[in-house]
Amino acid sequence: MKVLSLSAVISSFVGLALSQDVSLAAVRRAFNTANIPTDASLTFNPSVLFEVTFPQTSGPAVNLHAGIQLPRNATVGPPLFSVRDSFLSPARSFVVAMVDLDAPTPQTPTSAQIRHFLGGDFRPDGSRTRTEKLSNTTAAISNFLQPTPPAGSDPHRYVFLLFNQPQGFDQQTAVTATTSIANFNISQFASEVGLGNPIGGTFMLVGPDPTS
Ligand SMILES: *[C@@H]1O[C@H](CO)[C@@H](O)[C@H](O)[C@H]1NC(C)=O
Ligand SMILES: *[C@@H]1O[C@H](CO)[C@@H](O)[C@H](O)[C@H]1NC(C)=O
Ligand SMILES: *[C@@H]1O[C@H](CO)[C@@H](O)[C@H](O)[C@H]1NC(C)=O
């Protein structure tokens, strides 16, 4: 037990130093601490490290680790997706979702969830390198929307989830480009279209622009 907890401590320090997530246990812990599985009605036992990267206009891209707080101006996106330390079959497709659990404010999330991204047909590059990029070949159902928490709000939780893509997903009509992005329910959508539980995820906290 001692050895296990020490390695958990070490890997969380390594996670800080490298910035991206390096431990599934640490990701799961961060989700639980932030109350995400409860608030999103999800079972979250990730089996892959899902990496989300925000390119920056100047300087290096920002890799998320679960629970990172970013200034809004670092989240212009669109984000890039990859999986780390796990090799997914390039013959398989994956669905990515991003939701805001705290709109308009964490205290009164009456319009949550806001669907900030939803897209299918993400395929790993098959490179079998440490980080395999996921790229999509079809248009997203909901294109990426940059976080815009209202002035005065506490930071919101923006959650990224990776799912196995079921057969026939491209024909689903539960959510389309014209479906309101407000009052979305990722858990309900997942059960409607047969996504199962997420296989990976991460999240960031973003507050309003200091000037807003
Ligand atoms: C974001 O805004 C902060 C000030 O609030 C500034 O220091 C920083 O350089 C800006 N970053 C980008 C990527 O524009
Ligand atoms: C692919 O995903 C990106 C977001 O990562 C999205 O902006 C784009 O519309 C999607 N579709 C295509 C064909 O690239
Ligand atoms: C979202 O859907 C789940 C069913 O998957 C349900 O248990 C939950 O209450 C719903 N959440 C909201 C806020 O309606």
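**Group meeting talk: contacts, ligands and a helix**

Let's start with Arg72. Its side chain makes a polar contact with the side chain of Asp209, at 2.9 Å. A polar contact is a pair of N or O atoms within 3.5 Å; within protein, one must be able to donate a hydrogen and the other to accept it, and residues adjacent in sequence count only if both atoms are side-chain atoms.

Some ground rules. This is a predicted model: local features need pLDDT of at least 70, side-chain atom pairs count only at pLDDT 80 or more, and totals for chains, interfaces and linings use all residues. Residues are numbered from 1 along each chain as its sequence is written, chains are lettered from A and ligands numbered from 1 in the order in which they are written, and side-chain values use heavy atoms, with hydrogens and water left out.

Back to Arg72. Where is Arg72 placed? In the loop between β3 (68-70) and β4 (80-84). Helices (H or I, at least four residues) and strands (E, at least two) are DSSP runs, numbered from the N terminus. Leave aside neighbours within four places in sequence, and Arg72 is in contact (heavy atoms within 4.5 Å) with Gln146, Pro147, Thr148, Val206, Gly207 and Asp209.

The loop between β3 and β4 also holds Pro78. The peptide bond from Gly77 to Pro78 is cis, with omega near 0°. Another cis bond runs from Ala103 to Pro104, with omega near -5°. Pro104 sits in the loop between β5 and β6.

Now ligand 2. The residues around ligand 2 (a heavy atom within 4 Å) are Pro79, Phe81, Phe117, Phe122, Asn136, Thr138, Ala139, Ala140 and Asn143. An oxygen atom of ligand 2 is 2.3 Å from an N or O atom in the side chain of Asn136. For the side chain of Asn143, the distance from a ligand 2 oxygen to an N or O atom is 2.9 Å. Taken alone, ligand 2 exposes 360 Å², and the protein buries 67% of that. These areas come from the Shrake-Rupley method with a 1.4 Å probe; for residues, only the protein chains shown count as cover.

Next, ligand 3. Which residues are around ligand 3? Ser41, Asn185, Ser187 and Gln188. The protein covers 36% of the 360 Å² of accessible area that ligand 3 has on its own. A polar side-chain atom of Asn185 lies 2.4 Å from an oxygen atom of ligand 3. For Ser187, a polar side-chain atom lies 2.6 Å from a ligand 3 oxygen.

Asn185 and Ser187 take us to helix α4. At the start of α4, a side-chain oxygen of Asn185 reaches to within 3.1 Å of the backbone nitrogen of Ser187. Helix α4 covers residues 186-193, and Ile186, Ser187, Phe189, Ala190 and Val193 are buried there. Why are they on the same side of α4? Because they cover an arc of only 165° around the axis. The arc is that of the directions from the helix axis to the C-beta atoms. Buried means under 20% relative accessible area, exposed over 50%, partly exposed in between (1.4 Å probe, protein chains only). The buried residues of α4 pack against β5 (94-100), β6 (114-124) and β8 (156-164). Just after α4, Gly194 takes a positive phi of about 80°.

Last, positive phi in residues other than glycine. Asp121, in strand β6, has phi near 60°. At 5% relative accessibility, Asp121 counts as buried. Asn183, in the loop between β8 and α4, has phi near 50°. At 52% relative accessibility, Asn183 counts as exposed.
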